[in-house]
Amino acid sequence: MKRYLLLAVALILVGAMLVGCVAKPTSVLDKIQKAKKVSVGTSADYPPYEYLDDAGNKTGFDIELMAEIAKRMGVELEWVDMPFDSLVAAVSSGKLDMSISCFNYDEERDKIVDFSEAYYTTEDAFVVTSAFTGTITVPEDAANYKVGVQSGTVQDGWLTEMLVTPGLLPEANLSRYERVDQAALDLANGRIEVMMGDYVPIQALVAQNPDLQVLYHGVLSTGPINIVLPDGDTTLKAEVDRIIKELQAEGFIEQLAVKYFSE
Amino acid sequence: MDFGQFISYIASGTVYTVGVTLIALPSGLLIGTILALLYVYGGKVAARVMNLYSTIFRGIPPLVLLFILFFAVSKGINLSAFLAGSLSLGMVSSAYQMEIVRGALLSVSGDQLMAARAVGLSRLQAIRYVVLPQAVRLAIPPWSNEAAIIIKDSSLVYALGVQEILRRAQLIGASSQRYLLAYLSAAVIYFLLVYATTRLLNLLEQKLSIPSNP
Amino acid sequence: MPEPILTIKNLTKTYGQNVIFQHLDLTVNEGDTIVIIGPSGTGKSTLLRCMNLLTRPNEGQIWLDDLEITAKGTDEDQVRQHIGMVFQNFLLFNHLTALGNVKLGLTKVRHMSDEAATDKALEELSRVGLADRADHYPGQLSGGQQQRVAIARALAMDPRVMLFDEPTSALDPELIGEVLEVMRQLALDGMTMIVVTHEMGFAREVADRIVFMEKGYIVEEGSPDEMFNHPKFDRTREFLWKITELYGKKEKEAK
């Protein structure tokens, strides 16, 4: 709920400001190239996409990808850490040039920011503990249990739209969390029975914790993940898309996937 | 990551926590004191305005104010996350501190003011030399409480991306999956900060106390 | 011919619908000791507070020497430098020592140097017999001592008139004597004093005139002899008799 509140606040504020705005200011791409620096937001609490290594430095699939993109743009990369919730509003209000944090396309988000071409495709997964006695053969089966999800994610959106709104899953049985690790904790202590999230970080969780198992995975709410860009900035999007296509063609992205996603 | 690296990663956020506190608390005190003086001595209209200020800034969750300041206000003026966070906290604190100072001023009996006027002191002199010195002593205990609150509320700036203690604990906890250790470490650090501060203020209170034979 | 120091004409004070007192006239000559008596709540304290403008009367005028202090535009702070006041609850500044209390007016209002102020303050404290307690805080002094410091504080400003608002009413019986003694000496030294009190012994021995107030009016005024022995009004006789009974007992206990 808080996520949508923030989104609403950001929408109102940005909307109010755009109304006063006359012409669109210079492209963010120009700004980046002048300053020779791109400031990118991420929330490094989401292994293996973005997390901290033993030395406390950022690492992960998204991190390395972005580093390469910045290199090819010919500018320095400045990481800005922010909680996941705040990232979209930050790009929208110009506090960040862009953000990479395992973002899925989302209509709500699209109103205030733009998305790059997809740089990878993920899946959703439902994960349970070994104490779980139910079955999930189709995704809708999850409605029979207590479900947890990270708030503001596309999984949250899917659960709300597909299960809660039609009345399959009672609102009280859906728990939203600020971060995945909070949901994982509640899964472990039995407050929730099923957790829904992105397949890749869930795989990382399962690898660490033999008590967990994935009951179902497939493309439901997820699918492509994109970089979040400032709204309406076509030149920046063109540049970022160009580099992404380049990296895909060279097999760079596939190599990264192998590095971070296989066990 | 070994334990030492783990703890020191979290602990290195202390400089931001302290920084936010050192901006928010004093600015809250300065504004709060001025407003409290206006509230108590400035007449009916001033009192109403101050009351409104107090109601607004004590009624908005600090986090909301942080977002407004960071995302909206800084469209015009570019504020860093650190500054936006510290200043918003300072504004919220100023409302609470105004109430603290106001309470202290009112606790110093109005008769003290009258006795000062009877000697020939002007109203301003009476407030400055008779009421305020006594009010300060009365204000220290509740102020010590406010200081503790600000130290802990400083963690709110995590939402803007300031790498203070709590944020670091979140990141390292999620990255290493050692959540409990991360949050416990953060809790210990906050505890130490608050404890040290309240002890110091206690000492100050004792130093300033007026001698009397009970 | 004694000069009038304080003149009050047609003074009225109301509070909302309540009339505290009305149409009061009073003349105080230099060197006079005026004692105001009467039942509680008859506006005696309020009258005193009008005299040094802590409260503003609704109607009427007050003159200090030649200056009409009730006139618009009077500098009240200035006026109060020349009128000293001693309160029932002493009202010493709690955060200052006895010396500090007496010095405050001298340094901040008279702008005396710290040295000169200290000298003068110690003088006044000696006058009330408390020079040796100069560095004590109010919390470390007895009630009688606090009140004497309060008197010293008022005297330090070299006032033309001293107002005393029931100065001993909040004191334990054994401590009343030391304060009354200071006041008696002050009267002998020629200070113009207006005292609201129930202490009849003091009134009889020290007052030049006694003023009996009741229900917002001055019922009668006269010398102690006149008031005690040949009062014009029954009410006066009645009141004095009652209060002498009550306080006479207290005085006997105190002695």
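Trainee: What does Asp77(C) form a salt bridge with?
Mentor: Asp77(C) forms one with Arg117(B), and the closest N and O atoms are 2.9 Å apart. The pair crosses between chains, from helix α2 of chain C to helix α6 (residues 110–119) of chain B. A salt bridge here is a side-chain nitrogen of Lys or Arg within 4 Å of a carboxyl oxygen of Asp or Glu. Helices (H or I, at least four residues) and strands (E, at least two) are DSSP runs, numbered from the N terminus.

Trainee: Before we go on, where do these values come from?
Mentor: This is a predicted model, where local features need pLDDT of at least 70 and side-chain atom pairs count only at pLDDT 80 or more, while totals for chains, interfaces and linings use all residues. Residues are numbered from 1 along each chain as its sequence is written, chains are lettered from A and ligands numbered from 1 in the order in which they are written, and side-chain values use heavy atoms, with hydrogens and water left out.

Trainee: Okay, how many salt bridges are there over all chains?
Mentor: The count comes to 40. Between chain C and chain B it is 1.

Trainee: How many residues does the contact between those two take from each chain?
Mentor: It takes 23 residues from chain C and 21 from chain B, with contact meaning heavy atoms within 4.5 Å. Chain C and chain B bury about 2,000 Å² between them, 63% of it on carbon and sulfur atoms. Buried area is the accessible area (1.4 Å probe) that two parts lose on being put together, summed over both.

Trainee: And how many residue pairs are in polar contact there?
Mentor: There are 6, both residues being at pLDDT 80 or more. A polar contact is a pair of N or O atoms within 3.5 Å; within protein, one must be able to donate a hydrogen and the other to accept it, and residues adjacent in sequence count only if both atoms are side-chain atoms. On chain C, α2 (76–81), β6 and α3 (98–108) each supply at least two residues of the side that touches chain B.

Trainee: Switching over, which pair of chains shares the most contacts?
Mentor: Chains A and B do, of the 2 pairs of chains in contact. That contact takes 28 residues from chain A and 25 from chain B. The area buried between chain A and chain B is about 2,400 Å², and carbon and sulfur atoms give 60% of it. In chain A, Leu52(A), Asp81(A) and Lys95(A) lose the most area to chain B, together 23% of what that side buries.

Trainee: Which residue does Asp81(A) pair with in a salt bridge?
Mentor: Arg167(B), with the closest N and O atoms 2.7 Å apart.

Trainee: How far apart are the nearest C-alpha atoms of chains A and C?
Mentor: They are 50 Å apart, and the two chains do not touch.

Trainee: Back to chain C: what order do the strands of its open sheet take?
Mentor: The 6 strands go β6-β7-β8-β3-β9-β10, with mixed pairing. Two strands pair if DSSP finds at least two bridges between them. β6 (83–86) and β10 (217–222) of chain C stand at the edges with a single partner strand each, so one side of each has no neighbour in the sheet.

Trainee: How does β6(C) run relative to β7 of chain C?
Mentor: They run parallel, and 4 bridges join β6(C) to β7 (residues 161–165) of chain C. Gly84(C) stands opposite Met162(C) in β7(C).
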